[in-house]
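Dear colleague,

I am handing over the structure below, and I would be grateful if you could read the notes that follow with the model open beside you.

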Amino acid sequence: MESNGLAHEVGDMCLEATDLWFAYEEGPSVLKGISLEIKVGDFVALIGQNGSGKTTLAKHFNGLLRPSRGRVLLYGEDNREHPVAHLARTVGYVFQNPDHQIFSATTREEIAFGPRNIGLEESEVQQRTEQALEYFDLTAYADHQPAILGFGLRRKVSIAAVYAMRTDVLILDEPTAGLDWKSTHELMQRIVALHRTGHTIILITHDMRLVAEYAPRCLVLRDGNILADDDTREIFRQADLLRETHIELPQICRLARRLEPFNPGRNILTVAEFLEGYGNLAERMR
Amino acid sequence: MPVGVDLYLKRQSWLHRVDPRVKLLFVGATIMILLVIKNVFFMSAALLLVHVIHWSAKMPRGKFLFIWKTLLPIAILISTLWVLFYPTGPPILEIWVIRITVLSLAQGGVLALRITTMAFVVFAWLYTTDHPAVVRSLVKLKVPYEWGLTLALALRYIPTFQGMYGMISEAQQARGLNISQGKGFRRVRALMPIFVAMVISAMRASDQLANALQARAFGASGVERTYLHDIHFRPLDWAYTVFILGVTFLILYMNLRLGFGKHPINLI
Ligand SMILES: Nc1ncnc2c1ncn2[C@@H]1O[C@H](COP(=O)(O)OP(=O)(O)OP(=O)(O)O)[C@@H](O)[C@H]1O
Ligand SMILES: [Mg+2]
């Protein structure tokens, strides 16, 4: 990707929540005193059971929800002071369901919608739109109606539409749900590329393989509280902690754990690491 | 409002126990009366009465507020338009081209009260009757099952669409759509991305629903439906029916013969 125009240095404070409480009207508290820091350039996975509050928390980052108590700072400024349309310049949010945003007559217009909203020059809008189409292999569908594309393509359109806004922060709410393995990995490669150019990524997912493979940092939510916030490797070492919130490690991690007596001291997260550590196991067992 | 919850609220109250057909009769009769009567005092009394009914049926305060919040803008708009554009009788206030009269105030009040009261009456029915009961009452009244189910599904989807509206509006705002910009036509244009996405989602949902119903053999021919919970008239329900019919005929008779409630201010 060309110039990303990031306004902040990697490592600066990006998002900061202090004692964040939230309840939907008349309901019980969904977030119960969450405090966290996310730095520019972080790649954080937000995990936890259904209903643990992941989406609710993420919606505070771009101001869709406002804290009942406590506060959320974006680059040091209180989120409450800006409308969502303004925060959307900085924080991009890809929703769980692509159909909640697709409305345009063509894929091209759908993607141009966001950049136009943030007040870019028309030439810039077009340039970004074409680039996003190309980046997500959607050029062939540019003049198609996005609403009647297949699910995988609609998903891509919805992500490309947010990508074209080139926000510093990108929140993806279960972007790979319902995608096949190939599409999932192609998508993740693109997200990793964005991360390399200094974008801050917040990934909500139930797929622990993706977390293990791509997200260096992991935030575990349980029942509106942060159960753990650490390096993914560190968190995956604590299988008991994860089991407490009904998260099961990827098979490869569990297998590696069982095989540890043969190759102690290894804390394996991915297939690649497994092959590296146990590739010659068969020979050694002989 | 939580996503996907329907209007029905499970409670133990006398109104919940009333046979759904009686409630349907009540809704029909009251709407007829409310359309015939044009008197502001009668309307106020009717509105007060439905509130008492709601309250005795243990409606939570949040629901009252919700209905009021939804209706008030519409009611105020309609009555204001009436007062401004249909002044009749001697004026009590004249500013430039605007003439305000006691009569038009009363008529505006009747319109606002009528809409609000009708809405509360319909809500009283829907809040105390679950969908299966709604369908069954219609079927017992010889409405084809398919029609009854269609109505029940339509009711079932109101809150779903509300939730859908919320999520779509959030998704578009997250892409920088400013939904509070402009007035009138410009405002409507700003909301287009939300409306269009809603129509698309709604069509997709109805398509899936139709498939799901068929996949579970809905509408298979030559099948006599049985019901898990059948509904029965209790003696009390007969009493309610007689009472509702009696009061309705009385009011209509007084209206036709004695001119009861024909004038916006004077009762007779
Ligand atoms: N609009 C809403 N109104 C009321 N309650 C809500 C609303 N949205 C979510 N909730 C409730 O808040 C809690 C947290 O929901 P949230 O969607 O944040 O969970 P999640 O971790 O994203 O779950 P999932 O993995 O299923 O997406 C749940 O108990 C849910 O029922
Ligand atoms: Mg969620």
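**The site around ligand 1**

The largest share of the shell around ligand 1, three residues, is contributed by helix H1 (residues 54-61) of chain A, where helices (H or I, at least four residues) and strands (E, at least two) are DSSP runs numbered from the N terminus. Please keep in mind that this is a predicted model, in which local features need pLDDT of at least 70 and side-chain atom pairs count only at pLDDT 80 or more, whereas totals for chains, interfaces and linings use all residues. Residues are numbered from 1 along each chain as its sequence is written, chains are lettered from A and ligands numbered from 1 in the order in which they are written, and side-chain values use heavy atoms, with hydrogens and water left out.

In total, 14 residues surround ligand 1, and the closest are Asn50(A), Gly51(A), Lys54(A), Thr55(A) and Thr56(A); a residue is taken as near a molecule or strand if one of its heavy atoms lies within 4 Å of it. The surrounding residues come from chains A and B, so the site is shared between chains. Sorted by class, the shell holds three nonpolar, nine polar and two charged residues, where Ala, Val, Leu, Ile, Met, Phe, Trp, Tyr, Cys and Pro count as nonpolar, Asp, Glu, Lys and Arg as charged, and the others, Gly among them, as polar.

Several polar contacts can be listed, a polar contact being a pair of N or O atoms within 3.5 Å; within protein, one must be able to donate a hydrogen and the other to accept it, and residues adjacent in sequence count only if both atoms are side-chain atoms. An N or O atom in the side chain of Thr56(A) is 2.5 Å from an oxygen atom of ligand 1, while a backbone N or O atom of Gly51(A) lies 2.8 Å from an oxygen atom of the ligand, and a polar side-chain atom of Gln96(A) lies 3.3 Å from an oxygen atom of ligand 1. Of the 640 Å² of accessible area that ligand 1 has on its own, the protein covers 67%, with areas taken from the Shrake-Rupley method with a 1.4 Å probe and, for residues, only the protein chains shown counting as cover.

**The sheets of chain A**

Six strands of chain A form an open sheet with mixed pairing, in the order S6-S7-S8-S3-S9-S10; two strands pair if DSSP finds at least two bridges between them. Strand S6 (91-94) and strand S10 (225-231) stand at the edges with a single partner strand each, so one side of each is left without a neighbour in the sheet. On average, neighbouring strands of this sheet are turned by 15° against each other, direction ignored, the axes being lines fitted to C-alpha atoms (for helices over the stretch in contact) and angles running from 0 to 180 degrees between N-to-C directions.

S6(A) runs parallel to strand S7 (residues 169-173) of chain A, and four bridges join the two. Within this pair, Val94(A) stands opposite Leu172(A), and Tyr93(A) has Ile171(A) as its bridge partner. In a regular strand the side chains alternate between the two faces of the sheet. In S6(A), Val91(A) and Tyr93(A) point one way and Gly92(A) and Val94(A) the other, and all are buried, where buried means under 20% relative accessible area, exposed over 50% and partly exposed in between (1.4 Å probe, protein chains only).

An open sheet of four strands, with antiparallel pairing, has the order S2-S1-S4-S5 in chain A. Its edge strands are S2 (29-39) and S5 (77-78), each of which pairs on one side only. Two bridges join strand S4 (residues 69-74) to S5(A), and Leu73(A) has Asp78(A) as its bridge partner in S5(A).

**Individual residues to look at**

Arg190(A) lies in helix H6 (residues 181-196) of chain A and is buried, with a relative accessible area of 12%; a polar atom of its side chain lies 2.7 Å from the backbone oxygen of Tyr135(A).

Two residues other than glycine have a positive phi. Glu174(A), with phi near 45°, sits in the loop between S7 and H6 of chain A and counts as buried at 14% relative accessibility. Lys58(B), with phi near 60°, is in the loop between helix H3 (40-56) and helix H4 (61-85) of chain B, and counts as partly exposed at 46% relative accessibility.

With best regards
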